[in-house]
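The sequence and model are shown first.

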Amino acid sequence: MKLSETQQMLLRRLPGVDRMLELAKSDVFFQDIPVSVVTKSARLVIESLRTAILENSSEVIEQGLSDASVVERIRESVTAAMSLNLFRTINATGVVVHTNLGRSLLADEAIANLQVIAGRYSNLEFDINAGKRGSRYRAVEDILCEITGAQAAMAVNNNAAAVLLCLDTLAKGKEVVLSRGELVEIGGSFRIPDVMARTGAILKEVGTTNRTHLKDYAGAIGDSTGLLLKVHTSNYRVTGFTASVSLSDLVTLGKTKGIAVMEDLGSGTLVDFSRYGMQKEPTVQESVASGADVITFSGDKLLGGPQAGIILGTRTILDSIKQNPLTRALRIDKLTLAALESTLCLYRDPEKARQAIPTLRMLTLPISEIQLRADRLCALLSDIGDLRLGLTQHALSSRAGGGSLPLLDIPTVCVGMRVTGISTHAVESFLRHHIPPVIGRIETDVFLMDVRTLQDDELQWIQTAVAELLKRN
Ligand SMILES: *Cc1c(COP(=O)(O)O)cnc(C)c1O
């Protein structure tokens, strides 16, 4: 490839890394930045300029290669390199347990406890009374048993780990009987049949996609049966001509045949949502009361705590799970344990839990409060005083998310935004790239923000972001 005169001239002018580092030394901006970061950024910037010249990019030719402009590029690169990859975002999607946005927000009580335990030594695995080694699983066992009625309990890394551990402990090399209507894929590549294969348990499917009867389970039980499993169809519902077997009927069958019964509840709620005019969702307490031998659910879905997997069950089963070497690999860490214990304690008073745990508070927020918040957001945005801004309000539905309450439409109010002269896609993209990002959605060419999942202090942040959008365009 033959280079043009201009290209050759630009390549000659391209500064070297050493020269740029020399310039950076006398620039206060770079004073507290590690040399390794500045060097790497300088290399990247110069390399990308070289590529741009070779590709005849008009941008380089127009902006030139002055020291000032190259240093400015290095500054931008350093800023990006020094910023954290995990940062807060504003959830205007209305999906309360949004797995991509971090699922549940912790209650203040949980955050406070997390802070103490994170920065200090603790009795994590130390028995204060005996003065010797203790078990980390003690921290949440009593409170879990107290609020659910279970005989024994423990917490592990997440519910996927809980399911894996239970199957590995109870059904390795044995058959697990499961309805064809409950062969669930949770997303993020968690499929019940695959998890089962990993543990060496053998899946014994019974019934059909839409109908499974008790006689199907009974007929499948043989010498090699290790477990009867029920899986909550978290993220879908089979509707129409359907039949499924209740957990208590399965427990009765299990008891007659001497086979353990397990339920993977998925989300697992401790609160009866029908008390707040929502669809009835089976509670953890009801599953425990029906006599299942072991029950698992997530810590950060409807429970509203940190990422964790809760296992409830008989003392014998929990003891054998603790003996399983896999448990060590899937154990819960102390930060999670601290946040989980505080969250669980809030459930001693269900009304207090509903108000203090953000997931529950957002899900049960009265529509009157949502309307007030939407009005406040509209007022803040109008205050910017830009006539290009078109604001609307829309009565739509929020979602519980996290594979819970899949069919439930929770009435909400969304603030809609259009800006004359700026495409809705450009509006969405600008707000998504803002710091902190505002994540909403586009419907019929309107940018929609569901105010249910906004925190009070975030309305002002959205105002700032929109003001900046208008100023830059
Ligand atoms: C969400 C879910 C899981 C996985 O739980 P994590 O806490 O995300 O690991 C397993 N089973 C069911 C039925 C679920 O809904």
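## Helix packing

Helices α1 and α3 are roughly antiparallel to each other, therefore counted in that class (angles under 35 degrees are roughly parallel, over 145 roughly antiparallel, 65 to 115 roughly perpendicular and the rest oblique). The axes of α1 (residues 5-13) and α3 (residues 35-54) cross at roughly 170° and come within 9 Å. Axes are lines fitted to C-alpha atoms, for helices over the stretch in contact, and angles run from 0 to 180 degrees between N-to-C directions. Helices (H or I, at least four residues) and strands (E, at least two) are DSSP runs, numbered from the N terminus.

On the α1 side the contact (heavy atoms within 4.5 Å) uses Gln7, Leu10 and Leu11, and on the α3 side Arg50, Ile53 and Leu54. By class, this contact of α1 with α3 has four nonpolar residues, one polar and one charged. Ala, Val, Leu, Ile, Met, Phe, Trp, Tyr, Cys and Pro count as nonpolar, Asp, Glu, Lys and Arg as charged, and the others, Gly among them, as polar.

## Basis of the model

This is a predicted model, in which local features need pLDDT of at least 70 and side-chain atom pairs count only at pLDDT 80 or more, while totals for chains, interfaces and linings use all residues. Residues are numbered from 1 along each chain as its sequence is written, and side-chain values use heavy atoms, with hydrogens and water left out.

## Domains

The assignment for the protein chain gives domain 1 (5-82), domain 2 (90-97 + 363-472) and domain 3 (105-356); such bounds come from an automatic or database domain assignment. The C-alpha centres of domain 2 and domain 3 are 35 Å apart. Their contact takes twelve residues from domain 2 and 16 residues from domain 3.

## Pockets

On a 1 Å grid over the protein atoms alone, a pocket is an open set of points with protein on both sides within 12 Å along at least five of seven lines, a cavity is a set where a 1.4 Å probe fits but cannot get out, and lining residues have an atom within 4 Å of a point. Grid points are joined across faces, edges and corners, and a volume is the space filled by probe spheres set on the points.

The largest pocket has a volume of about 730 Å³. Both domain 2 and domain 3 give residues to its lining, so the largest pocket lies between them. Of its 26 lining residues, Arg88, Thr89, Leu101, Ser104 and Leu105 lie nearest the centre. Helices α6 (108-119), α16 (350-356) and α17 (358-363) each supply at least two lining residues. The lining divides into ten nonpolar, nine polar and seven charged residues.

The second largest pocket has a volume of about 550 Å³. Its lining has 28 residues, with Glu182, Lys230, Val231, Thr233 and Ser244 nearest the centre. At least two lining residues come from each of β8 (225-231), β9 (260-266) and α12 (284-289). By class, six are nonpolar, 14 polar and eight charged.

## Cavities

There are two cavities of 30 Å³ or more. The second largest cavity holds about 30 Å³ of space. Its lining consists of His232, Leu265, Ser267, Gly268, Thr269, Glu281, Pro282 and Leu302.

## Backbone features

Ile435 and Pro436 are joined by a cis peptide bond with omega of about -5°. Pro436 is in the loop between α19 (424-433) and β14 (438-439). Arg103, a residue other than glycine, has a positive phi near 55° and lies in the loop between β2 (95-97) and α6. Thr444, in the loop between β15 (441-443) and β16 (446-450), has a positive phi near 40°.
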